[in-house]
Amino acid sequence: MEILEYVKNVVRYFFGSDVNLLNTLLLLQLFDVITGYINAIKNKEIKSNSFVNGIFKKILCITAIMVSSIIDNYMAFNGKIVTLSYTYFIFYEMLSIIENYDKLDIKVFNKIKSIIEENKKNKGL
């Protein structure tokens, strides 16, 4: 059991104490890759460069979460920095998925998209 506790502590240190945020982000990243790939197949735009660049962006997102968690721990912000980072990247992934759906002519998320875009304009993102 000591090894399991050690692994849990390492995960908490690098990804924050709320594992649900990590799970949500990873799941949304998976959905984004799947919908992006389906979109590329539909539009006959399959390019390995685009896929590799997308995967690199996902990896950089995870490393940004790790850096924010380390800063959060070091500066004793009690999870505020890492939670803010998760929130930003979760909304980023949601918007990307919505854009993929739009490109597939599935207009289910138009209201959500308009709310997210309005918030981006108001916050200068």
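Is Tyr 92 buried, exposed or partly exposed? Okay, quick tour today, and keep in mind that this is a predicted model. Tyr 92 comes out as partly exposed, because its relative accessibility is 43%.

So who does that ring talk to? A search over the whole structure turns up four aromatic pairs. One of them is Tyr 88 with Phe 89, an edge-to-face pair with 5.2 Å centre to centre and 75° between the planes. Tyr 88 also pairs with Tyr 92: the ring centres are 6.5 Å apart and the planes sit at 25°, so that pair is stacked. The cut-off for stacked is under 30 degrees, with centres within 6.5 Å.

Tyr 88 is partly exposed, at 43%. Phe 89 is buried, because its relative accessible area is 17% and the buried label means under 20%.

Phe 89 takes us inside. The largest nonpolar core has 13 residues, and Phe 89 is among those with the most contacts inside it, alongside Phe 15, Leu 25, Ile 65, Tyr 86 and Ile 90. Helices H2 (19-42), H3 (48-75) and H4 each give two or more residues to this core, and H4 supplies the largest share, five residues.

Last stop, Leu 25. Leaving out residues up to four places away in sequence, Leu 25 touches Cys 61, Ile 62, Ile 65, Tyr 86, Phe 89, Ile 90 and Glu 93.

Notes: Residues numbered from 1 in each chain as written. Predicted model: local features only at pLDDT ≥ 70, side-chain atom pairs only at ≥ 80, totals over all residues. Heavy atoms only, no water. Phe/Tyr/Trp six-rings, centres within 6.5 Å; stacked < 30°, edge-to-face > 60°. Buried < 20%, exposed > 50% of the residue type's maximum accessible area, 1.4 Å probe, protein only. Core = buried A, V, L, I, M, F, W, Y, C linked by side-chain atoms within 4.5 Å. Helix = DSSP H or I, 4+ residues; strand = E, 2+ residues; numbered from the N terminus. Contact = heavy atoms within 4.5 Å.
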